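Hi,

Here is the structure I said I would pass on.

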Amino acid sequence: MEKINKYLDQTTKAAPLAAFRIFFGLLMMLSIIRFWYHGWIEKLYLLPKMHFHYLGFEFVKVPGDYTYLLFVVCGLSALLVSLGYKYRVAIVIFFLTFTYIELMDKTTYLNHYYFISVLSFILIWLPAHRYFSVDAYKDSLVRSTYVKRWHIDILKMMLAIVYIYAGLAKLNSDWMLKAMPLTIWLPTKFDIPLIGSLMHEKWMHYLFSWGGAIYDITIVGFLLYKRTRVLAFIMVVIFHVLTRVLFPIGMFPYIMIFSAMIFFDHRFHDKLLEYLSKIFKINKSLFDKIETIRYDSIDKFAPIVLGVFMLFQLLFPLRFLAYPGNVFWTEQGYRFSWRVMLMEKTGYANYKIVNGVTGKRFYVQNDDFLTPTQQKQMSTQPDLILEYAHYLGNHFTSQGHEHVEVYVESYAALNGRKSQPFIDPNVDLMKEKINLSNRNFILPFND
């Protein structure tokens, strides 16, 4: 406890935390604008007739045309976070609105959406507005040149969790021994300048597979070590730019590049903020005059709250160990565990509605209820297959059908294997509960 308290009392310059806040807010605002520009608000949230829910968050609904207002509030709050204006309120609003958007439909899940929610929650408890912000400029009682060392270290720890868990998840036979799914994906990138002609070479597939695993597991260590930090950051840039060129994964590469800057010491960030000061004609010296650390009431609870939160982040990705079977096949415990682009999975699901008394039956046209994107996601994820079955059962019951039972004929193909039966066609999915228990209706993975 003495060592812990001593560590918690250590201070450092606030510049890295301020720079993190600035670029985080700007990237989030650009992400919201990009999402709107591409028409994804309408495509993903307004056009679908039904939406898939996260367990425990069934109350989260798409608010119709007010969804646009939700995105406006989210984008504006991100801008205010970047500026450091009304920071505490702005970061709470951003966390709530962005997370609400993320929870509106489970088929839109992406690892970096979850990462943004996690970072924004952490930032709620950090005094990222005490340096180089509008709040600090307007109020000298807010202003401070120093923050606690752990305020910056906790962001490094979160990045370490993401990278190391992503690397450990790659240590599976498909990725390491078969170079799957890169063997499927890379040959389609033959038109990339310079290296496109190599994308069909098997050795290239293994180079990317093994290189990716080694990178994820070791990069944080090299970023922490001063002598290798610059070279490691160059590798971060190369890795994520190459990832962005090869795969359409949105803002994730840029988020990871800017996040890695937190590993540089305060001198690097001071120079960066000095450069911004010259561009926008800001008197940076104003923020360097007060060395007394300021405290809010929230700062008293921050170490405890974030300590528990980080323990959760360490344990939650391991929940897949509580379920039998191949996690890529069952996907039980797959989400929120930093498994980034690890599988190519395609599926087929044909639903049958049966009157349990008379035996009369008919088949469902999924196009009548789901968008193409939702159908693609649903057909390979057992929890979505089950939720959709309950939706269909309730829908046809409300239309006057009696003794409704719902069955599905389902097949899936994982990482280039032949398609095989996925869901037990003899199980009435209406009788299966939507909870965290093992889904026995998933057929065994035959490999």
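Predicted model: local features only at pLDDT ≥ 70, side-chain atom pairs only at ≥ 80, totals over all residues.

Residues are numbered from 1 along each chain as its sequence is written, and side-chain values use heavy atoms, with hydrogens and water left out.

Helix packing

Let me start with α2 (15-37) and α4 (residues 66-83). Helices here are DSSP runs (H or I, at least four residues), numbered from the N terminus. The two pack at about 160 degrees with axes 7 Å apart; axes are lines fitted to C-alpha atoms over the stretch in contact, and angles run from 0 to 180 degrees between N-to-C directions. That makes α2 roughly antiparallel to α4 (over 145 degrees counts as roughly antiparallel, under 35 as roughly parallel). The crossing of α2 with α4 is left-handed, i.e. the near helix is turned anticlockwise from the far one by less than a right angle. Ala, Val, Leu, Ile, Met, Phe, Trp, Tyr, Cys and Pro count as nonpolar, Asp, Glu, Lys and Arg as charged, and the others, Gly among them, as polar.

Next, α5 (residues 87-103) and α6 (residues 111-124): their axes come within 9 Å and cross at roughly 155 degrees. So α5 is roughly antiparallel to α6, and their crossing is left-handed. F94, F95 and F98 are among the α5 residues in the contact, with Y113, Y114 and F121 among those of α6. The contact of α5 with α6 has 12 nonpolar, 3 polar and 2 charged residues.

For α8 (residues 149-169) and α15, the axes come within 11 Å and cross at roughly 10 degrees, which means that α8 runs roughly parallel to α15.

Pockets

How big is the largest pocket? Its volume is about 1700 Å³. On a 1 Å grid over the protein atoms alone, using a 1.4 Å probe, a pocket is an open set of points with protein on both sides within 12 Å along at least five of seven lines, and lining residues have an atom within 4 Å of a point. Volume is the space filled by probe spheres set on the points, which are joined across faces, edges and corners. Of its 48 lining residues, Y109, L110, P248, I249 and Q377 are the closest to the centre.

The second largest pocket comes to about 1000 Å³. Of the 39 residues lining it, the closest to its centre are Y54, L55, F57, F316 and F336. Helix α5 gives the largest share of that lining, 6 residues.

Backbone details

M180 and P181 are joined by a cis peptide bond, with omega about 10 degrees. P181 sits in the loop between α9 (173-177) and α10 (182-185). K281, in the loop between α14 (266-280) and α15, has a positive phi near 55 degrees in a residue other than glycine.

Cheers

Methods: Parallel < 35°, antiparallel > 145°, perpendicular 65-115°, else oblique. Contact = heavy atoms within 4.5 Å.
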